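Please load the model before reading on.

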Amino acid sequence: MTDTHKTKAKHMLRRDVLRIGGGVVLSAPFVSRAWAQTTEINMLAWYGHGEPDIVGAFEEANNVKFVPKYYAGGDNMLALIAQSPPGTYDVILSDAEFVQQLNLAGYIEELDANDYPFDDMLHEDFTKFPGHWDGDTLFSMMVRCGHLGVSYNTTAMSAEEASSYNGFWKPELEGKVGHFDWHLPNLGMMSLLNGNGAGLWDLSDDQWAAVQEKTMSLRPQAGGFFDYGGTFNGLKNGEMLAMCGIGDWITGALERDGAPVASVIPAEGGIQWTESYCIGKGTDKADIVKSFIQYMLSPEGQVKSAQMLAYPGFAITKAGRALLQEVDPAEANRSHQIDGMENEPIALINEGRIHYRDIPQQQTLEDWNDFWSEYKNA
Amino acid sequence: MKGRGLNIALAAYVALIFAFVFAPIVFSLIFSFNSQRFPTIPLGEFSTEWYVKIFNDPDVWQAVRNSLIVSSSTAVLATTLGFCTAYTDFRYNFRFKGPYLALILLPPTIPLIIMALAMLAWLSRIGMSGQLWSIILAHSVLTAPFAMAIIRLRLHQMDPDLEAAAWNLGGTEWQTMRHVILPFCAPAIVSALCLTAAVSFDEFAVAWFVSGLNKTVPIVILEIVQGNIDPTVNAIGTFVFLTSMTLVILAQVIFISRQIKSHS
Amino acid sequence: MALRGHAPIQGGNGLSGRRRIDIYALTWRLPIILWQLLFFVGPVIFMIVISFYVVKNYRMTEAFEFVNWQRMLTRGFFWDSYWYTLFIASISATVAMCLAFPAAWTLAFRASEAQRRWAVFLLIIPFFTSYLVRTFSWYVILAESGVLNAVLGYIGLGPFRMLNSHFGTIVGYLTLTLPLAVILQTVTMANIDKTLVEAARNLGCKPLATIWRVVLPLSKTGFIVAALFCFILAFGDFVAPFYLGGSQEPTLPILILDTTKSGQQWPRAAVVAIMMMLTLFTVAFAAIALAYRKPKGAKT
């Protein structure tokens, strides 16, 4: 019976294909990292902090492997921790404003201040950064920072026009101004534009009303609200010619890729974002996490952080900055991390032109967020 | 002839629809071979660096493996549940039938991100979060309604007397099920399997929340898109696309060979 | 006597008539009850409960307060988003069904069985490629400096602004729903009784009238199910209005995500979710009732 032979052959062929195909998929490269006897460290962070360019050297030297869970937004991070069993995450990277929330909710362990190079900080403020301490107890270690200002397409706007937030209202930019979809930096910038200076987060009712009014006047210029991916695409393909709420952390990466974009700190002032490491409560690997945090604060770690592939940041220790200038002068130059340079970040802080990002003081986050939703719906 | 002109116009329209559906996929394929990190036209140079990057990343392979396990398990579970419910709806009338149907049809009406958080909270409480099983459970709940709807649609086309006829001819209920109903529903069951697998394969909101530290392919893509946008997403997308094309063609070949066998 | 679409027959082994536990019926009836109770009802009830919780110090604390409901439902932007989402999802479902129809009709009535099978299989493929990746591909095509505008530029049109607008949102929704609409419509129309269509033609009915008076009524169930799927998918989708529409304007799913950025306000996000759920629930049941209702005057 030729029929049964044929069908048998077909069955075998089908089986073989499935088997071989399945085998290829299931056995394919686990080859890269040797996993024998390595300790796994669970990391909760923004994208990029667990990638080889940052942790590779530490992993090899200490026979550990980082298992990263990446979030986009501190709120997702908090929700995840809140619902996960304690001890799920060993090391947590968080924005400074969220550190306060992490601490209040009891998700992080105490740190010993003596373990970390507080005497080598580039600025005094970094030694006692708000929210990281509870009285004299340290809960979170600052590791890098960056500045937010006016981000723009250099072919559509001159550096002079960009040296003030008023540049966003330039008539030619109607419908071409994008917003990073988060109320905090955007409204902070509007607050600075209104002249609130160092009190930008501490608004009285009148000041808050003024900020809302100012923001609403920008609505006709706004072309859309974007997250990380949308921002990159918008700036790169020219849909958006200016962006509110971001800084060099995005335009730096785009610049590296050859796009005609830049960020400047305008006259009214800029905002600093700060990232810090914490040890997750309930972890049993506190020691190795501690040495990892120390590594990231060492000159080598600081350089890696400044050169991070995902998005660039400033080195915060003197030794780190010195090593960066030695090892990667081009990047140090590009990001103004050379003493005495124009727009050098520490000088800007000292001049009072940089304000640390913080949560609103007299309103709640809800109030700001509600207004932001109103703005989007307008 | 008017008929032929109409046929050509219709065929062109179908082609247009397919073009719309496949354009993003084709472009993704093109840009996966493009050297630029952010795709714009004119194109950069031809480059396979993004493929090299994902092939060398063990996390991506692990994610592919996880995705395959999750989606195939989900497909089987969801289709089984969907079939049970569709058949019950088709054949039986009972007192709480309304709520019964609601039980299976409700999941798609709930926005994913809230469902995601609720599932994480719930599964943590019963100690089942953070594993691949968590995703499978969650996805089966989400996709069962689709399976049920497809199979119910098929049953709707069946003559209900068929079952009674089989019984009259001496078959038990189980035999009737096996020899009459299941074969009739076979195309719908296959469709349900494919659709539920597909929905599960591409779901990222619930998966991100309940999976703990396990990654599936959509989670990897989500992370790249939200944190480090580069054409590796296109490489991953193209790889998945080519794999599913292959599976589809294989399925067609098997189907055709079975047709030939049954006709010869 | 053909009993198409009649009420389901009572369960049980009709031949014996003994009162016993109907294992057969239970086998089919029970699994879904148990499964859904455990893994679906649990989370949903939990979600409803969450909407009454209060957030203190960025942690949800158990409570039974109406503050979240009161706060959310009195906000203008909530109702703006609500009506907009309803509107744009309905439009996109309608557009998807209309765009799909000529193609589905061709595949059902003019294509061969094999061609139809190939077409349906091909249309399933997009479901296996990442929706996110496909969405991002649209950037290059629809951007002002993108492919479509370049092509239109050759004919001297444009450039048009397609991204970050309602148009972009609809394109995104179509990416999600068009393949499904075509598949469901094709499968439905391919399975109707062709003899009825032939009879109508033989009796002198013009082609378009045949479609309107014979094909569509026969396909009613499948079409309503298809439209319902398209609506539900569009209503709950976050990706299209966010990435391709630029949140111009924001829809309810975007609002949910935004609300969570108010300092862990998951209870308030749950309120929005429950409103969405109630809406979809109502629409779904109305649609299903409509789909499976027997036409008036039909012989049972």
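How far apart are the end C-alpha atoms of helix α8 of chain B?

## Basis

This is a predicted model; local features need pLDDT of at least 70, side-chain atom pairs count only at pLDDT 80 or more, and totals for chains, interfaces and linings use all residues. Residues are numbered from 1 along each chain as its sequence is written, while chains are lettered from A and ligands numbered from 1 in the order in which they are written.

Helix α8 of chain B spans residues 173-201, 29 residues in total. Its end C-alpha atoms are only 35 Å apart. A straight helix would reach 42 Å at 1.5 Å a residue; the expected span is 1.5 Å times one less than the number of residues. Helices here are DSSP runs of H or I, at least four residues, numbered from the N terminus.

α8(B) has a kink of about 55° at A186(B).

## Positive phi in chain A

H336(A) is not a glycine, yet its phi is positive, near 60°. The residue sits in the loop between α12 (329-334) and α13 (345-350) of chain A. H336(A) is partly exposed, because it has 18 C-beta neighbours inside 10 Å. The cut-offs are 20 or more other C-beta atoms within 10 Å for buried and 12 or fewer for exposed, with partly exposed in between; C-beta atoms are placed from the backbone.

N343(A), also not a glycine, has a positive phi of about 65°. N343(A) lies in the loop between α12 and α13 of chain A. With 14 C-beta neighbours inside 10 Å, N343(A) counts as partly exposed.

## A cis peptide in chain C

The bond from Q248(C) to E249(C) is cis, with omega near 0°. E249(C) belongs to the loop between α11 (239-244) and α12 (252-259) of chain C.

Key. Helices (H or I, at least four residues) and strands (E, at least two) are DSSP runs, numbered from the N terminus. The bend at a residue is the angle between axes fitted to the seven residues ending there and the seven starting there.
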